[in-house]
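Have the chain open in your viewer and follow along, topic by topic.

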Amino acid sequence: MTTRPCRITGCPRTAAPRYLMCHTHRCRQWRFGNPHQTHATPDPIAIDTAVRDRRPPAGMTPKERAAAGVQLTSLGLSAAEIARIFAVTSRTVTRWRAAARATQNVA
């Protein structure tokens, strides 16, 4: 069995014999559609749709749900209402709010 270098320029890892990329870049390609992307960026359209319609569109990521939950908080919805919309616990909504406050205090 022979190994070959990952096809991504600058990557020192080796690819498995049946693949062209190393495990890390294959996972990124599968997860994000781009082997160079390291994290998903929230889609502002999905967030706005969830806030406007008061229901999450299909395929919303956890970061998008949290951002929409924080926006719904600013509109005056309670944690219980937001939890019902996104099918999470009210404790999760409380954590979203705390994380948003923490990032605002840092900036």
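Two residues are in contact here when heavy atoms lie within 4.5 Å of each other. With that in mind, helix 3 and helix 4 are among the elements that cover the buried residues of helix 2. Please keep in mind that this is a predicted model.

- Ala46, Ile47, Thr49, Ala50 and Val51 are the residues of helix 2 that are buried.

**Helix 2 against helix 3**

- Two packed helices are described by the angle between their axes and the distance between the axes.
- For helix 2 (residues 44–53) and helix 3 (residues 62–74), the axes come within 9 Å, with a crossing angle of roughly 45 degrees.
- Angles under 35 degrees count as roughly parallel and 65 to 115 as roughly perpendicular, and helix 2 and helix 3 are therefore oblique to each other.
- The crossing of these two helices, helix 2 and helix 3, is right-handed.
- On the helix 2 side, Ala46, Ile47, Asp48, Ala50 and Val51 take part, and they meet Glu64, Ala67, Ala68, Gln71 and Leu72 of helix 3.

**Helix 3 against helix 4**

- Helix 3 and helix 4 have axes that come within 10 Å and cross at roughly 145 degrees.
- Here, too, you can look for the handedness: helix 3 passes helix 4 in a right-handed crossing.
- Helix 3 brings Arg65, Ala68, Gly69, Leu72 and Thr73 to the contact, while helix 4 brings Ile82, Ile85 and Phe86.
- The residues in the contact of helix 3 with helix 4 comprise five nonpolar, two polar and one charged.

**The nonpolar cores**

- The largest nonpolar core holds 16 residues, and Met60, Ala68, Leu72, Ile82, Phe86, Val93 and Trp96 have the most contacts inside it.
- At least two residues of this core come from each of helix 2, helix 3, helix 4 (79–86) and helix 5 (90–106).
- Helix 4 gives the largest share of this core, with five residues.
- Beyond its neighbours within four places in sequence, Met60 is in contact with Ala46, Ile47, Ala50, Arg65, Ala68 and Phe86.
- There is also a second, separate core of five residues, with Cys6, Ile8, Cys11 and Met21 among them.

- His25 sits in helix 1 (residues 23–32).
- Is His25 buried or exposed? Its relative accessible area is 7%, and buried means under 20%, so His25 is buried.
- Leaving out residues up to four places away in sequence, His25 touches Cys6, Ile8, Cys11, Arg13 and Pro35.
- Val70 belongs to helix 3 and counts as partly exposed, at 27% relative accessibility.
- Apart from its neighbours within four places in sequence, Val70 is in contact with Trp96 and Ala100.
- Val70 and Asp48 are 22 residues apart along the chain, and 12 Å separates their C-alpha atoms.
- Arg97 is found in helix 5, where it touches Thr73, Leu77, Ser78, Ala79 and Ile82, not counting residues up to four places away in sequence.
- From Arg97 to Ala83 it is 14 residues in sequence and 12 Å in space, C-alpha to C-alpha.

Technical notes:
Residues are numbered from 1 along each chain as its sequence is written. This is a predicted model: local features need pLDDT of at least 70, side-chain atom pairs count only at pLDDT 80 or more; totals for chains, interfaces and linings use all residues. Side-chain values use heavy atoms; hydrogens and water are left out. Axes are lines fitted to C-alpha atoms, for helices over the stretch in contact, and angles run from 0 to 180 degrees between N-to-C directions. Helices (H or I, at least four residues) and strands (E, at least two) are DSSP runs, numbered from the N terminus. Angles under 35 degrees count as roughly parallel, over 145 as roughly antiparallel, 65 to 115 as roughly perpendicular and the rest as oblique. A crossing is left-handed if the near helix is turned anticlockwise from the far one by less than a right angle, and right-handed if clockwise. A nonpolar core is a set of buried Ala, Val, Leu, Ile, Met, Phe, Trp, Tyr and Cys residues joined through side-chain atoms within 4.5 Å. Buried means under 20% relative accessible area, exposed over 50%, partly exposed in between (1.4 Å probe, protein chains only). Ala, Val, Leu, Ile, Met, Phe, Trp, Tyr, Cys and Pro count as nonpolar, Asp, Glu, Lys and Arg as charged, and the others, Gly among them, as polar.
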